[in-house]
Amino acid sequence: MTSTSKQKIEQAVVITGGGQRVGLALALALKQQGYEVIVSYRSDKPGVQQLKQAGVITLQADFSEQAGIEQFINELDACCSSVRALIHNASDWLPESKASSPAVAMAQMMQIHAMVPYQLNLAFAEKLKLKGPGDIIHMSDYVVKTGSQKHIAYAASKAALQNMTLSFASLLAPQIKVNTIAPGLIMFNQHDDEAYRQKAKAKSLLQIEPGAEVIIETVNYILTNRYLTGSCIDLDGGRSLAR
């Protein structure tokens with residue numbers, strides 16, 4: 001376990017996949033708001049050091065194997081007495097390719113997007129109930145509505161994650177609220193050229209790159225709304241309508 005503190009904390013917001021991009025921005029924002037934050041990361045990146053400097057607890061976790069899931073559960077259990085929110089942000093984006101087996105692609109996508117949230121939700125349900133109301137937030141994708149010719153396994157696994165929102169919302173009510181955020185374009189990568197950026201922005205009605213702030217705003221809305229569960233918030237700038 002790598003953390004900024006060896007003392008067990010009373011309550012934490014847990015974010016999987018928080019070492020870069022949206023996860024990193026969300027972790028830093030919630031920490032600044034006064035939450036104790038615990039983040040999982042797959043490999044060491046500059047963002048992990050940034051999290052440590054901000055006082056965020058960081059746990060290295062390889063979710064590709066069952067042993068990695070179990071190790072994370074044990075380490076998280078040792079870190080905090082209760083969980084305020086469990087935010088499933090860890091993700092991978094594997095396209096169909098002649099270079100890789102379809103069986104491997106589907107197994108890998110289902111592992112990170114369905115198997116990990118499924119097990120963590122069950123493992124930490126009691127910790128989420130302790131100080132209630134607790135929140136589980138699944139980070140899905142707008143492609144659940146449209147499918148994807150180049151990322152079939154990815155889209156299917158995100159659909160599985162989104163469906164679990166319904167099951168867990170019913171199972172864990174009223175002590176725990178369970179909701180989904182389904183983003184479209186949020187942030188470009190540094191290597192994306194201007195032509196690609198313009199083409200991508202044109203796919204939505206609002207035609208902007210909104211940045212991580214819209215995820216932060218939506219997470220805060222879910223955390224503070226006492227009457228929202230089993231719902232999916234489409235955060236795609238009207239992309240599904242523009243199609």
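Predicted model: local features only at pLDDT ≥ 70, side-chain atom pairs only at ≥ 80, totals over all residues.
The chain contains 10 helices and seven strands. Its radius of gyration is 17 Å, close to the 18 Å that the globule rule gives for 243 residues, so the chain is as compact as a globular protein of that length. Along the principal axes, the C-alpha atoms fill a box of roughly 50 × 40 × 35 Å. Of the 243 residues, 48% are buried, and the accessible surface comes to about 12100 Å², with 52% of that area belonging to carbon and sulfur atoms. When contacts with a separation of 6 or more are considered, 71% of them are accounted for by residues 24 or more positions apart. As for charge, the chain carries 23 positive and 21 negative side chains, and the centres of these two sets lie 3 Å apart.

A pair of aromatic rings is described by the distance of the centres and the angle of the planes. The count of aromatic pairs in the chain comes to three. One of them joins Phe63 and Phe72 in an edge-to-face arrangement, with 5.4 Å from centre to centre and 90° between the planes, and both Phe63 and Phe72 are buried. Another edge-to-face pair is formed by Phe188 and Tyr196, for which the centre-to-centre value is 6.1 Å and the angle between the planes is 75°.

Gln71 is located in helix α3, which spans residues 66-79, and it counts as partly exposed because its relative accessibility is 41%, a value between the 20% and 50% cut-offs. Gln71 and Leu185 are separated by 114 residues in sequence, and their C-alpha atoms are 33 Å apart in space.

The bond from Gly132 to Pro133 is cis, with omega near -5°, and Pro133 lies in the loop between α5 (125-129) and β5 (134-139). A cis peptide bond also joins Ala173 and Pro174, where omega is about 0°; Pro174 is placed in the loop between α7 (152-172) and β6 (176-183).

Positive phi values occur at residues that are not glycines, among them Arg21, with phi of about 50°, and Gln207, with phi of about 55°. Arg21 belongs to helix α1, which comprises residues 21-32, while Gln207 is found in the loop between α8 (194-201) and α9 (213-224). Arg21 counts as partly exposed at a relative accessibility of 33%, and Gln207 is likewise partly exposed, at 47%.

How values were computed
Residues numbered from 1 in each chain as written. Heavy atoms only, no water. Helix = DSSP H or I, 4+ residues; strand = E, 2+ residues; numbered from the N terminus. Rg over C-alpha atoms; globule rule 2.2 N^0.38 Å. Buried < 20%, exposed > 50% of the residue type's maximum accessible area, 1.4 Å probe, protein only. Contact = heavy atoms within 4.5 Å. Areas by Shrake-Rupley, 256 points an atom, 1.4 Å probe, with all protein chains shown as cover. Lys, Arg positive; Asp, Glu negative; His and termini not counted. Charge placed at Lys NZ, Arg CZ, Asp CG, Glu CD. Phe/Tyr/Trp six-rings, centres within 6.5 Å; stacked < 30°, edge-to-face > 60°.
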